[in-house]
Amino acid sequence: METKNNWKAWLYLAPVIILLAVFTFYPIVNTFVVSLQDNYNAINNTSKGFTLDNYANILTPGKYYFQQVIQTALPNTLLLTFITVPCSIILALLIAICLNSIPFVKKILQTIFFLPYVTNAIAIGMVFAVIFDTRFGVINSIFGIEGFPWLMYNPSTGQAVNYWSAVFAVSFYIVWCSLPYKILIFLGGLQNIDQQYYDAAKIDAASRTKTTLKITVPLLSPQILYVMITSFIGAFKEYDNIIGLFGDTGGSFDASTGPTSMKTIVFFIYEQIAANRLQYACAAAVILFVIILIFTGIQFAVSKRRVHY
């Protein structure tokens, strides 16, 4: 009887397993295999054999791909990740707490905050490119910074884009785009917290700050862990926001000042795919997969002591 039931269970699971095998497991294995191909041709699926040169060219100092991935794309990816993830989580948590405390307009504000999540990222990027425009940007107009080059160099003065101003603009844009989903998750968690904890805190005359730190944050730790893991994974895969602000160059270019590159690892991967250098795209993808795996493992290890279910 148990054997018969097992066959039924596998039969029910078969469609999902097939879909996972075709669209998840096979691409992962194929990516690793292609990353080991020498001079791989994606059009006719041929190569000169297996080699470790693709990884060597990326990981060896002085090589062209080392400069592209390890010196440019990886630092940009890590910098944007460690700026945007903590900022977006803290802001989303504060906004969710504020929204939860004003129930009479919570639904309306919740809808307003969620709108960026369902809006096309490239369209939003074009809007932010106008906001940070060198000559006619809203930011420059508000703060009276005439002609400051946030994203593109100033053609009238020849002033180049500063790397850190580009980082600020991109980070601001990424945080703004990533807030809605996090706010929704935190609001759901806040609504499941038993009111008796807050009533007890009021009886003990606990301040709002202490109540937030000692009750709200610990009880929201499962949601915070989930948001943190998904945010880190999403930040490591940053691509469309760079395209939205800088276009397909990944940075601000001028013949006299040179590039201010904000390329990320995923940007490099797509760039290599477009150039039919799929073996380097796959090698970079495997490196990115290992980095994400390490960071996710660290977060799970820390969560064993910090998360209260």
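Modeller: Helix axes here are lines fitted to C-alpha atoms over the stretch in contact, with angles running from 0 to 180 degrees between N-to-C directions. The model is predicted, so local features need pLDDT of at least 70 and side-chain atom pairs pLDDT 80 or more, while totals for chains, interfaces and linings use all residues. Residues are numbered from 1 along each chain as its sequence is written, and side-chain values use heavy atoms, without hydrogens and water.

Colleague: At roughly what angle do the axes of H7 and H10 cross?

Modeller: Helices are DSSP runs of H or I, at least four residues long, numbered from the N terminus. H7 covers residues 163-190 and H10 covers residues 221-236. Their axes come within 10 Å of each other, and the crossing angle is roughly 165°.

Colleague: How is H7 oriented relative to H10?

Modeller: The crossing angle is roughly 165°. An angle over 145 degrees counts as roughly antiparallel. Therefore H7 is, relative to H10, roughly antiparallel.

Colleague: Which residues of H7 make the contact with H5?

Modeller: H5 contributes Ala121, Ile124, Gly125 and Phe128. From H7 come Phe172, Tyr173, Trp176 and Cys177.

Colleague: Is Leu99 buried or exposed?

Modeller: Leu99 sits in helix H3, residues 64-100. Relative accessible area under 20% is buried, over 50% exposed and in between partly exposed (1.4 Å probe, protein chains only). Because its relative accessibility is 3%, Leu99 counts as buried.

Colleague: How far apart in space are Leu99 and Gln110?

Modeller: In sequence, Leu99 and Gln110 are 11 residues apart. From C-alpha to C-alpha, the distance is 7.6 Å.

Colleague: What is the phi of Asn39?

Modeller: Asn39 is in the loop between H1 (2-35) and H2 (53-59), and at 44% relative accessibility it counts as partly exposed. Most residues other than glycine have a negative phi. Asn39 is not a glycine, yet its phi is positive, about 55°.

Colleague: Where is Ala205, which also has a positive phi?

Modeller: Phi of Ala205 is near 60°. At 66% relative accessibility, Ala205 counts as exposed. Ala205 is found in the loop between H8 (195-203) and H9 (208-219).

Methods: Helix = DSSP H or I, 4+ residues; strand = E, 2+ residues; numbered from the N terminus. Parallel < 35°, antiparallel > 145°, perpendicular 65-115°, else oblique. Contact = heavy atoms within 4.5 Å.
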